Structure formats: C-alpha cells, structure tokens
Amino acid sequence: MSKEPPPPKRKPNDSKQELRSNYELKTYPQSWYYLCWLLYLCYGYAAFVPTGPVWGIHFIAYIPAAAKVILLVAGGLLLLPRIQRTLYLTVANLFGTLKEERRVRVLLPAVIAGVCFILFHTFTIKTDIYGDSVNMLKWYGDNATFDWHWITDVLSLHLVDNKEALTIALHRIVAYVFSIPIESSYRIVSELCGTLFVFIWLVFVQKISSGPLRIVLILLGLFAGSVQVFFGHVENYSFGILTSTIFLIGLYYYIEEKIGTLAFLLLYLLAFKAHIIAILYLPAVIVALAYHYRNALPKLQSLFTW
C-alpha cells in the first residue's frame with residue numbers, strides 16, 4: 001500500500017502572514033481623523049491648562065512636564081492608522097494566532113477582581129477639595145436611626161430631586177446596619193462595586209470575543225478612566241457605573257434573545273434609579289423593544305436589517 005505524503009509543515013512565519021492578511025489596513029473618511037485630532041488637541045490643552053471648565057479632566061495634567069509631553073506624544077502617535085495596526089499585530093503575535101475560542105472561565109476573573117479589590121482598598125482616594133464629597137458627608141452623615149424616607153425616596157416621582165435615591169439609600173443603609181460612618185460606607189461600597197465591575201466585565205468579554213480582540217477589550221475595561229471612582233471615592237457614581245454596566249450587558253443578551261422583556265426592563269429601572277444619567281439609555285431601550293417585537297408588527301421588520 002502506498003502511503004499518502006504527510007502535509008507540509010507550516011513555517012513559523014506562516015501564522016504571522018495569515019494574521020496580517022486577515023487584518024488589512026482600513027481607511028475611513030478623512031473627516032473622522034480630523035475630528036479625532038480636534039478632540040485630542042482639546043485633551044492636550046486640558047493637560048497644560050487644568051483650570052476652569054476642564055479642571056480635573058485627566059491625570060496627565062498633574063504630572064511633571066517632561067512625562068506629560070512623552071505621554072501626549074505617545075497618545076498622538078496612536079491616532080495614526082498604521083501605528084495602530086502595527087501595535088495590534090504585535091499584541092496579536094504575543095498572544096498567538098486568532099482562535100474562535102469562546103470558553104468562559106470564572107476562576108481567573110475572580111482572582112483578578114480580588115487583586116483589584118486589594119488595589120482599590122490600598123490606594124484609597126482621599127481629598128477634601130472636591131465640594132460634592134464634603135457636602136455629601138454632611139447631608140447623609142446622620143444614620144444613627146433608620147429613616148423610611150431612604151426607601152420611599154426611591155419610589156418618588158420627583159426624579160430630579162431624587163436622581164440618586166437608590167444609591168444614597170444603599171450607602172445609608174450600609175452605614176446604619178454596620179454602625180460605621182457614612183464616609184466608610186461610601187469607600188467600602190465603592191471598592192465592592194469596582195470588584196464586581198471587573199469580574200462581570202472579564203466574564204462578559206470572554207463571551208463576546210476571542211483572540212487578540214479579547215486582550216484589547218480587557219485592557220479597555222481595566223484601565224478605563226471611570227475605574228478611578230472605585231478607589232474608595234466618596235461619590236454616587238460607583239454604584240451607578242456598576243448598574244449601568246449590568247444593564248448594557250443585559251441589553252446585549254436581550255438583543256440576542258437570551259433574557260426576557262421583564263428582566264431587561266428591571267435592569268434598566270435599576271440603573272435609572274441608581275443614577276438619573278441612565279435616562280440617556282432610553283433610546284437604546286426603545287430600539288431594543290422594537291427589535292424584540294419586530295415580528296409582531298410587520299412595519300417594524302423593514303426597520304431592522306442588521
């Protein structure tokens with residue numbers, strides 16, 4: 001019997017060539033690049049003039065000038081398409097070729113989230129120059145006795161006056177139950193919200209991505225600017241960010257028809273009561289509902305071709 005010749009061995013560079021061919025350099029309208037550079041110039045301006053309406057916009061404004069220039073130049077280079085592609089391919093080569101692996105692991109995200117909790121707790125933000133923090137400690141500091149207004153305010157129709165009612169109630173209840181100052185309550189809840197955010201994000205990214213894109217999404221989540229509110233910050237944003245993240249993940253699963261309408265609307269209500277800024281998601285809620293019930297109304301079917 002004649003044996004078939006073995007398949008030729010792939011050269012080490014074959015996978016790199018295949019990876020490069022899968023990611024050709026895309027071009028976009030020139031106006032997009034102009035807009036990106038305009039926004040980045042505003043970012044650079046805020047780095048050198050951190051006062052007035054741009055005060056505190058990012059940390060680069062508060063580091064030595066030499067380091068500031070280096071970081072801004074590095075950020076500017078990343079706006080160039082060819083450099084973006086080269087960097088992405090470098091990361092891709094470090095983590096191997098693309099694989100359609102969608103396995104979801106829980107242990108490693110839990111470990112990373114635990115490490116983040118330690119970091120959030122160790123490097124707690126402490127400031128006495130941010131006006132809202134000072135006022136919040138004064139307004140919500142009386143928690144010696146339980147007040148039912150903490151709960152009823154959540155149900156109030158005066159949305160602007162109670163725009164963060166659920167968040168405030170959560171912190172005051174924690175302070176009351178554990179007999180701790182309201183400042184400690186904010187710091188603990190902030191750190192726990194950050195831990196849950198990291199864990200949920202890492203699990204979700206495993207679900208929707210594979211290969212080098214997964215690494216990019218993980219880094220975007222872990223190093224997003226909003227993560228700083230999880231470092232024990234006395235603010236009403238940490239719980240709001242967590243609930244909004246859960247809602248957006250629920251939006252994904254609702255579009256994929258993995259959860260029902262009731263669960264989807266409850267997730268939105270949770271985010272909305274945590275912080276009124278979630279009203280910005282209302283158009284997304286309407287579109288998601290229309291997409292979900294598109295088969296019930298023939299006129300809706302023509303609107304959705306994606």
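The model is a predicted one, so to speak of local features takes pLDDT of at least 70 and side-chain atom pairs count only at pLDDT 80 or more, while totals for chains, interfaces and linings use all residues. Residues are numbered from 1 along each chain as its sequence is written, and side-chain values use heavy atoms, with hydrogens and water left out.

The chain has 14 helices and zero strands (DSSP runs, H or I of at least four residues for helices, E of at least two for strands). Of its 306 residues, 32% count as buried, meaning under 20% relative accessible area, with exposed being over 50% and partly exposed in between (1.4 Å probe, protein chains only).

Turning to the rings, the structure holds 19 aromatic pairs (ring centres of Phe, Tyr and Trp, the last by its six-membered ring, within 6.5 Å; planes under 30 degrees apart are stacked, over 60 edge-to-face, the rest tilted). Phe146 and Tyr176 make a tilted pair, 5.8 Å centre to centre with 55° between the planes. This pair links distant parts of the chain, 30 residues apart: Phe146 sits in the loop between helix H6 (131-139) and helix H7 (149-152), and Tyr176 in helix H8 (residues 165-177). Phe146 is partly exposed at 30% relative accessible area, and Tyr176 is partly exposed at 33%. Another tilted pair joins Phe197 and Phe230, at 5.6 Å and 35°; here both Phe197 and Phe230 are buried. One aromatic cluster takes in Phe247, Tyr254, Phe264, Tyr268, Phe272 and Tyr281.
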